Structures are given as C-alpha cells and as structure tokens.
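Q: Could you take me through this model feature by feature, giving the general idea before the particular case?

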Amino acid sequence: MKRNGALNDRFSFGEASTNGTSTLRDVEFIEMPVRQILNRCDNPALRFRWTINPYRGCEFGCVYCYARYTHEFLELRDPMDFERRIFVKRMAAEVLARTLSRTPIGADQIAIGTATDPYQPAERKFGLTRSMLEVFARLGGLDLSITTKSALIERDLDLLSEINSRSRLAVNFSLITINRRLQRILEPRAPRPALRLRALAHLADAGIHCNVLMMPMIPGLTDGPIAIESVIRGAQRVGAANVWWRSLFLKPAAARRFVPFIRENFPERAARIDDFYGHATYAPRAYDDHLRTIFDRLKRKYGFDPDASREHGSMHKAASSPTIAPRQFELMRSH
C-alpha cells in the first residue's frame, strides 16, 4: 500500500533475544521523504544546537516517553501510534552528507536520538544510524552525542572509535531502574538493564565517554533512595563518566498514555501523579529539590561530581582536529 508516495511494510516483528526482549507485535514501517535531517535547536537550556532523529516513532514503547507528541505533527493522535507506526528516513545519510557540506556547524553539538531511539529494533532492518555514523567518521572536529537504551550500539564500535579519534563523542545510556520486573512494565520492548550496562562497559573500555541518564525519575516508582543508589552504583562499576537525572514531565500526548497506565497498573500511585501533573507539565519544585539532595549525596558517594556542569561534564576534551569545512568538502567530492 502507499501513503503520500511512501512504501509501507507491515509485519510481525520480534526483537532478537540477544537484545533482551521477546515480544512479538505488529509494527508498520513507513518510508518518510527526507528534505532535512539536521534540525536546529535554539533552546538555550540545552547543551546541543543540532538534532538528528533517523526514525520517527519508537518501538520500545516506554510508557512515559515525552516524544509521543511528534506523531501529532502527522495527524496521528492515538498515543499508541508512536510505537506501532515507525517512519523511516531512508535517505538520511545522503541528506546528512549534503547538509554538512554547506552548513557551518562549528563547535555546536549535534545530538542523535533526542526524540526517538536511534538503535531501536528498526535499526537492525534499515541501518540508518550506522549509515550516518559512516558520514561522521569521515569528518573531524565535530561534537556529537548519542542517546540510546539499546545494546545494539555495540555493533558500531568500529565507527564510534573512529569518530572518537577525530571528534568529541559522548554516548548516553538511558537507564531509570535496574529492577528488571519494573523495567519490563515501564519499557516493555526495551533491552534489559544488564545489557545496557554491559554495552556501556564495552564502550568505556574502548575509550568512549559514556554517561547514564536517569530520565525520567517517576514519582513513587523509581525515585526511592535505594533504587536510585542501585543505578548509580551500577553506573560507577561499568565506568560511566557521570550520571544525570531529571524528573518526569508530561506533555498532553505523553499524559494520554501514561496517566491511564498508572491508574491501571499502579492505582496506589495515581493520586500522587494526579496531584503533580493534573494541571502542570512539570513536577513541583520541592520534589526536584528533594531529588537533588538524594542525587548529590549518592553521586559523591560513588565518585561522581554532583557540581559538574552538564555542559562541560558530559563531554570530554577532544584532541585538536582539522577544521570541519575542508573535511566536509572532501567528503562530498568523493561521492
């Protein structure tokens, strides 16, 4: 079938057991035309200035995912469409190469995976993330970050190492709990926590700067001191450079999925969620202050600097690299 000139594939798709999931479900993959892949971000509160998302939608199905709103731009307002209808930007690498040849990036950071996991199961089939890393591996002097829940990133260790030798690179592993039972409920098709920590250890051993992102902290579910400590201790053991956290925030599209989920699965937590988010997107300041006290104490305990700025602490200092523009034009001439 066709939609807006794009080919569509619908089939049952099961994540490989080596990735820690086994749920078989119907997923529709829709080819999305790509006019631009590098998007400018002008939010001064964020470290990055450019974002790349090779897919729209994510099969991992995390019930709290804030990015569900992105499907509403396509007039898809069922919150489950975000995990069942995955848009594939097949020409991502070609568009990226052309864009880098004419866009002055300078020292601005490029963040891969801000609204979808670049290593979700679709990446095994389509390989878009790897194709873009091949472009970045031929350049130098860039500042890149990748955020993922998936151990599939180990597949690309060769390219990541090449990029790391020429540019700044940080890999952020999203991990909000190491409780496997709770994780399966909150993130039904995401890889289990142990696989993420193992992948982080392998990348860190290869000299790649890795962080753990405890985002979001969910009131009443993942925010207890013992639960927080278990993740921070695990991050320290596998060589993470730092641990960053943020409390849950709920945009309307995410709330339409998350609030009914809480009422059905954790009814004893529903009143608190309603109290925090019934008329607000963000948790109360007092709650964040409470979490900050816990995190600061535990980060110090395990050797992480709680006072480090994310702007500097999330990136290592890169060795001197050739200027970007000549490398970009060299890349384009080779095509």
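A: Let us begin with the surface, where accessible areas come from the Shrake-Rupley method with a 1.4 Å probe, and for residues only the protein chains shown count as cover. The chain exposes about 15200 Å², of which carbon and sulfur atoms supply 50%. This is a predicted model, in which local features need pLDDT of at least 70 and side-chain atom pairs count only at pLDDT 80 or more, while totals for chains, interfaces and linings use all residues. Residues are numbered from 1 along each chain as its sequence is written, and side-chain values use heavy atoms, with hydrogens and water left out.

Q: What percentage of the residues of the chain count as buried?

A: A residue is buried under 20% relative accessible area, exposed over 50% and partly exposed in between (1.4 Å probe, protein chains only). Of the 335 residues of the chain, 56% count as buried.

Q: How many helices and strands has the chain, and which helix is largely enclosed by the rest of the structure?

A: Helices (H or I, at least four residues) and strands (E, at least two) are DSSP runs, numbered from the N terminus. The chain has 13 helices and 12 strands. In helix H4 (residues 128-137), 8 of the 10 residues are buried, so H4 is largely enclosed by the rest of the structure; among the buried residues are Leu128, Met132 and Phe136.

Q: How do helices H8 and H11 pack?

A: Axes are lines fitted to C-alpha atoms, for helices over the stretch in contact, and angles run from 0 to 180 degrees between N-to-C directions. Helix H8 (residues 225-237) and helix H11 (residues 285-301) pack at about 40°, with their axes 10 Å apart. Angles under 35 degrees count as roughly parallel, over 145 as roughly antiparallel, 65 to 115 as roughly perpendicular and the rest as oblique, and H8 and H11 are therefore oblique to each other. With contact meaning heavy atoms within 4.5 Å, Pro225, Ile228, Glu229 and Ile232 in H8 meet residues of H11 including Leu291, Phe295 and Arg297.

Q: Where do the axes of H9 and H10 come in this picture?

A: The axes of helix H9 (residues 252-265) and helix H10 (residues 267-277) come within 6 Å and cross at roughly 145°. Among the residues that meet are Phe258 and Ile262 in H9 and Ala270 and Ile273 in H10.

Q: Which peptide bond is cis?

A: Most peptide bonds are trans. Here the bond from methionine 215 to proline 216 is cis, with omega near 5°, and proline 216 lies in strand E11 (residues 209-217).
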